[in-house]
Amino acid sequence: MGGVNEIGSNKAVSVATTPPISAPPSQFHSPSLSRSPLLASDDHMQPANKTLGISTPRFVTPLGSPIRRALQLTRLDPHDAWLPITESRNGNAYYAAFHTLCSGIGIQALVLPVAFTILGWTWGIITLTLAFIWQLYTLYLLVQLHESTETGMRYSRYMQLCSATFGEKLAKWLALFPIMYLSGGTCVALIIIGGQTCKMFFDVICGGTCTAQPPTIVEWFLIFTSAAVLLSQLPNLNSIAGVSLIGAITAFGYCTLIWVVSVIEGRTEGVSYNPVRGSTEVTRIFDVFNTFGIVSFAFRGHNLILEIQATIPSDEKHPSSVPMWKGVKIAYTLVAMCLFPLAIGGYWAYGQRIPENGGMLTALFVFHGKDTSQFILGLTSLFVIINALSSFQIYGMPTFDDMESVYVKKKKKALPWWFRAILRAMFGYGCFFVAVAIPFLASLAGLVGGIALPVTLAYPCFMWLKVKKPKAFTPIWCLNWVLGLLGMALSGVLVAAGIYVIIDTGVEVSFFDP
């Protein structure tokens with residue numbers, strides 16, 4: 001890893017003179033000073049052992065103490081002090097829970113009942129339960145892999161851990177595109193969802209009585225994007241904890257409102273629970289695999305777990321994995337309270353009639369738009385909009401971090417606030433351009449999602465095997481190999497199913513016509 005370099009060994013070493021690197025004042029006055037990146041200038045170096053000729057930094061992360069005892073020292077990347085993910089390390093278990101819940105529940109969970117129309121009651125519940133356990137296990141692996149008390153290293157980004165495990169060249173082939181898609185692609189999808197829901201909210205509030213000309217769908221996209229860009233000016237991941245809390249509350253709120261209203265209103269007329277069967281054997285097989293994809297895509301946010309954990313202080317006695325795992329358990333208890341009632345209650349209420357496009361949200365307006373309180377419909381739409389705005393911030397943060405790192409590494413100083421504002425506005429309106437230019441991007445979600453699936457279900461297992469090196473053929477060794485290979489196989493099948501669906505049904509290509 002480029003961010004961590006050994007500067008000590010059993011024999012004498014010399015410390016090369018480097019240009020002074022100033023740290024932002026917040027790093028000196030922060031309670032997490034010991035977790036701040038180390039300073040590499042001569043002003044911050046003191047001899048620790050003149051006999052051995054080893055120089056020890058004045059501020060050394062406590063995770064480095066085992067290395068100090070072994071006469072091998074670790075120096076962290078000083079650039080981290082100015083990057084949005086690692087700029088502040090004052091987080092805690094509750095902040096972690098807010099971020100994890102906000103990133104873990106999305107609009108894609110509302111189409112879970114669609115999977116039940118193919119799998120039926122029994123296999124639908126079994127598949128959803130196994131997928132939940134599987135992704136929770138890979139989350140646990142990532143939390144444990146974030147830091148090593150043996151080497152003193154903290155992997156604050158998913159790509160960093162991949163590079164350290166697989167090597168930089170292989171990591172770029174395996175993980176770069178999926179991670180970029182899960183950040184930028186998700187932001188594009190959020191603009192589309194947010195803009196469309198803004199239009200629905202306007203229609204509910206107006207109720208057909210407004211005389212003013214309503215904005216077009218493109219204008220709604222622009223309104224949503226402008227609000228997202230304004231919120232994106234918050235400087236770092238820790239600073240959006242309040243935004244993530246609001247996003248988590250609204251996500252839990254709209255999921256609960258939708259399934260509760262659907263169940264209270266009762267089953268729709270002519271509801272059927274007979275599994276849908278394709279006309280040919282090949283179609284039926286790909287339909288089943290497609291439902292696996294729907295269930296798998298309902299769980300998201302694994303590409304952000306290391307970044308969220310990077311905001312938590314850590315030392316040898318109090319590793320960040322403890323509060324992080326506590327936050328994950330809180331978040332995923334609430335995730336389960338959303339997803340299982342949505343899937344089961346939604347399928348019970350609508351059966352085969354559940355709309356494939358939009359899932360439960362569309363069903364609520366189509367089947368109960370007239371007999372449900374306008375206040376409930378408006379509140380549900382508002383919650384979806386607020387959650388989309390909040391999710392945009394956390395999913396955009398890895399891209400903000402990557403863009404700012406180019407300047408920070410070259411100039412060796414923090415990015416000016418006005419430059420940061422310009423970069424984030426460029427990213428936001430760039431996503432808006434893609435949302436308008438390629439509105440059929442959602443039709444390719446199954447194909448691209450299949451490529452990104454290993455980030456959630458496979459890579460954590462392989463990285464754990466590579467880093468922890470368990471004894472061959474032990475139960476934990478076998479479990480991780482099976483899950484890792486199964487995740488890769490499922491990814492390949494979903495890509496094939498996505499290509500088949502595109503060829504079989506076609507894609508309506510309409511550039512700049514959302």
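**Notebook: aromatic pairs, cysteines, helices and surface**

I started with Phe367, which at 22% relative accessibility counts as partly exposed. The model is predicted, so local features need pLDDT of at least 70 and side-chain atom pairs count only at pLDDT 80 or more, while totals for chains, interfaces and linings use all residues. Residues are numbered from 1 along each chain as its sequence is written, and side-chain values use heavy atoms, with hydrogens and water left out.

**Entry 1. Overall counts**

I looked up the secondary structure and got 17 helices and four strands. Both are DSSP runs numbered from the N terminus: helices are H or I with at least four residues, strands are E with at least two. Of the 514 residues in the protein, 52% are buried.

I then looked at contacts, meaning heavy atoms within 4.5 Å. Among those between residues at least 6 apart in sequence, 81% join residues at least 24 apart. The accessible surface is about 22,900 Å², and carbon and sulfur atoms account for 66% of this area. Accessible areas come from the Shrake-Rupley method with a 1.4 Å probe, and for residues only the protein chains shown count as cover.

**Entry 2. Aromatic pairs**

I returned to Phe367 and asked about its ring. The structure holds 21 aromatic pairs, and one of them is Tyr350 with Phe367, stacked at 5.4 Å centre to centre with 25° between the planes. The rule takes rings of Phe, Tyr and Trp (its six-membered ring) with centres within 6.5 Å; planes under 30 degrees apart are stacked, over 60 edge-to-face, and the rest tilted.

What does the Tyr350 and Phe367 pair tie together? Tyr350 sits in helix α11 (residues 321-350) and Phe367 in helix α12 (residues 359-368), so the pair links parts that are 17 residues apart in sequence. Tyr350 is buried at 0% relative accessible area, whereas Phe367 is partly exposed.

I also noted one aromatic cluster, formed by Phe116, Trp121, Tyr273 and Tyr347.

**Entry 3. Cysteines**

I checked for disulfides (a pair of cysteine sulfur atoms within 2.5 Å) and the count is zero. Cys338 is buried, with a relative accessible area of 0%. Cys198 is also buried, at 10% relative accessibility.

**Entry 4. Ile386**

I placed Ile386 in helix α13 (residues 374-411). Its relative accessible area is 26%, which is partly exposed. Leaving out residues up to four places away in sequence, Ile386 touches Ile246 and Thr250. I also took the C-alpha separation to Ala228, which is 9.9 Å across 158 residues along the chain.

Is helix α16 (residues 459-468) mostly covered or mostly open? I found it mostly covered, with seven of its 10 residues buried. They are Tyr459, Pro460, Cys461, Phe462, Met463, Trp464 and Leu465.

Just after α16, Lys469 takes a positive phi of about 50°, although Lys469 is not a glycine. Lys469 lies in the loop between α16 and α17 and is exposed at 62% relative accessible area. Phe473 is found in the loop between α16 and α17 too. Phi of Phe473 is positive, near 70°, and Phe473 is a residue other than glycine. At 67% relative accessibility, Phe473 is exposed.

Asn480 is buried at 0% relative accessible area. Not counting residues up to four places away in sequence, Asn480 touches Tyr137, Leu141, Cys461, Trp464 and Leu465. Cys461, Trp464 and Leu465 are among the buried residues of α16.

**Entry 5. Nonpolar surface patch**

Last, I looked for patches. Trp417, Trp418, Ile422 and Met426 form a nonpolar one on the surface, with about 540 Å² of accessible area together. Patch residues have over 30% relative accessible area and no salt bridge; like charges are joined within 9 Å, nonpolar side chains (Val, Leu, Ile, Met, Phe, Trp, Tyr) within 5 Å. A salt bridge is a side-chain nitrogen of Lys or Arg within 4 Å of a carboxyl oxygen of Asp or Glu. Trp417 lies in helix α14 (residues 417-437) and is exposed at 69% relative accessibility.

Notes. Buried means under 20% relative accessible area, exposed over 50%, partly exposed in between (1.4 Å probe, protein chains only).
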